[in-house]
Amino acid sequence: MYRAPVNKIIRSSIVDGPGNRTAVFFQSCNFNCRYCHNPETIHMCVHCGRCTESCPAGALRMAEGKVVWDKEKCVSCDTCIKVCPNDASPKITYMSAAQIWEEIEDDLPFIRGITVSGGECTLQRDTVVELFRLAKQNGLTTLLDSNGSYDFQNDLELLEVSDGVMLDVKADCEERHRWLTGQSISTVLFNLDYLAKMNKLEEVRTVCIPGALENEKTISKVAEILSPYLKEKDIRYKLIKYRHFGVREKYQDFRQPDEEYMEHLKELALEKGFRNIVII
Ligand code: SF4
Ligand code: SF4
C-alpha cells in the first residue's frame with residue numbers, strides 16, 4: 001500500500017480555507033520559490049545523516065542508511081531543519097490515505113473540511129483522491145492548496161472529489177515565474193482559466209514583493225484571464241504580504257510591503273473587476 005510523505009497535520013486551522021479545517025501538509029514540491037517560508041518542505045530527505053548529530057533531544061538516528069525520527073523524543077526545536085543543507089526535513093511520516101483519515105476522524109464534529117497543502121499536494125494525487133473520497137462520504141468539504149503546475153484538465157476524478165483549488169499565481173510572465181520558482185507559468189495560467197470555467201477556483205493567491213516582482217502586472221494578468229467570469233462569479237483574490245519569516249538567508253534581501261502598498265494593489269484589483277479581495 002502506498003504511503004505518502006506527510007510533513008504535518010494541523011488538526012484545526014482557520015487560515016487554510018473557509019471555516020475550521022484540518023490541514024494536511026505533504027512533503028516535497030516541484031517548485032523552488034525564492035520566497036518560500038517553509039523551505040524544509042521542498043525536497044525529500046537524502047539521508048545524509050548531518051541532522052542526527054545536531055539534535056539536542058536524541059530524537060534522530062541512522063539505521064540501515066536511513067534517518068529515523070522518534071516523534072516521542074522530539075521537542076520540536078527545528079534544529080534539524082536549520083542544519084539540513086538540502087531543504088528537507090527528517091520529521092516525515094509516511095501515511096496511507098486511510099491512516100491520514102484515522103487522524104482526522106476524531107475531529108469530525110469540530111471541522112468543516114479538509115485542505116491539502118505542501119510542498120505541492122498534487123504530487124500525492126492518488127492519496128488525495130482517496131482521502132477526499134472519505135471526506136466527502138463524511139460530509140466534509142475538500143480543498144487543494146496548489147502551485148498550479150498540475151494538469152487538472154486531464155484529471156476529472158480528482159476534480160470531482162475536490163470542492164475547489166486555492167491557486168497560486170506567483171508572477172505575470174514566463175521569465176519572472178521561472179526566476180522566482182524555477183518552473184514555467186504556462187500550466188498555471190491555463191489552470192486559472194480552466195478551474196474558473198469548471199467552478200473549481202476557490203481563490204487566487206499572489207505573494208506581493210515590491211521591487212522584486214511586478215505585482216501590478218500579475219494582478220492585471222489574473223484579471224485579464226478571469227474577466228469572462230468576474231461578473232457572475234465572486235472569485236476571492238488573496239493578496240499576501242511577503243514576510244521574511246522562514247525564508248532562506250540567501251533570499252532575505254526582499255523588501256516587505258507596507259500597508260499603503262498593499263492598499264494600492266487592492267485598489268488596482270478592484271478597478272480590474274474583483275469584488276472579494278483579502279489582504280493578509
Ligand atoms: S526538531 Fe529536529 S532537532 Fe529538534 S528535537 Fe525534533 S528531531 Fe531533534
Ligand atoms: S533531513 Fe537533511 S540533514 Fe537530515 S538526513 Fe535528511 S537530507 Fe540530511
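Visitor: Hi! How many Å separate the centres of domain 1 and domain 2?
Guide: In this predicted model, the C-alpha centres of domain 1 and domain 2 are 30 Å apart.

Visitor: And which residues go into each domain?
Guide: The assignment puts 4–40 + 93–279 in domain 1, and 45–83 in domain 2.

Visitor: OK, ligands now. Which residues come nearest to ligand 1?
Guide: Cys55, Cys74, Cys77, Asp78 and Cys80 do, out of 14 residues around ligand 1. By class, that shell has 10 nonpolar, two polar and two charged residues.

Visitor: What about the shell around ligand 2, by class?
Guide: Seven residues there are nonpolar, four are polar and none is charged. Among them are Cys45, His47, Cys48, Cys51 and Cys84.

Visitor: Switching to rings: how many aromatic pairs are there?
Guide: The count is five aromatic pairs. One of them joins tryptophan 179 and phenylalanine 254 edge-to-face, with 6.1 Å between centres and 70 degrees between planes.

Visitor: Where do tryptophan 179 and phenylalanine 254 lie?
Guide: Tryptophan 179 is in helix α6 and phenylalanine 254 is in the loop between β10 and α9, so the pair ties together parts 75 residues apart in sequence.

Visitor: Is phenylalanine 254 buried or exposed?
Guide: Phenylalanine 254 is buried, at a relative accessible area of 9%, whereas tryptophan 179 is partly exposed at 35%. Phenylalanine 254 also pairs edge-to-face with tyrosine 242, at 5.6 Å and 90 degrees. Trp179, Tyr242 and Phe254 make up one aromatic cluster.

Visitor: Nice. Last one: which ring does the charged end of lysine 8 sit over?
Guide: That of phenylalanine 25, with the charged end of lysine 8 5.2 Å from the ring centre.

Methods:
Residues are numbered from 1 along each chain as its sequence is written. Chains are lettered from A and ligands numbered from 1 in the order in which they are written. This is a predicted model: local features need pLDDT of at least 70, side-chain atom pairs count only at pLDDT 80 or more; totals for chains, interfaces and linings use all residues. Side-chain values use heavy atoms; hydrogens and water are left out. A residue is near a molecule or strand if one of its heavy atoms lies within 4 Å of it. Ala, Val, Leu, Ile, Met, Phe, Trp, Tyr, Cys and Pro count as nonpolar, Asp, Glu, Lys and Arg as charged, and the others, Gly among them, as polar. Domain bounds come from an automatic or database domain assignment. Rings of Phe, Tyr and Trp (its six-membered ring) pair if their centres lie within 6.5 Å; planes under 30 degrees apart count as stacked, over 60 as edge-to-face and the rest as tilted. Helices (H or I, at least four residues) and strands (E, at least two) are DSSP runs, numbered from the N terminus. Buried means under 20% relative accessible area, exposed over 50%, partly exposed in between (1.4 Å probe, protein chains only). A charge sits over a ring if NZ of Lys or CZ of Arg is within 6 Å of the ring centre and within 35 degrees of the ring normal.
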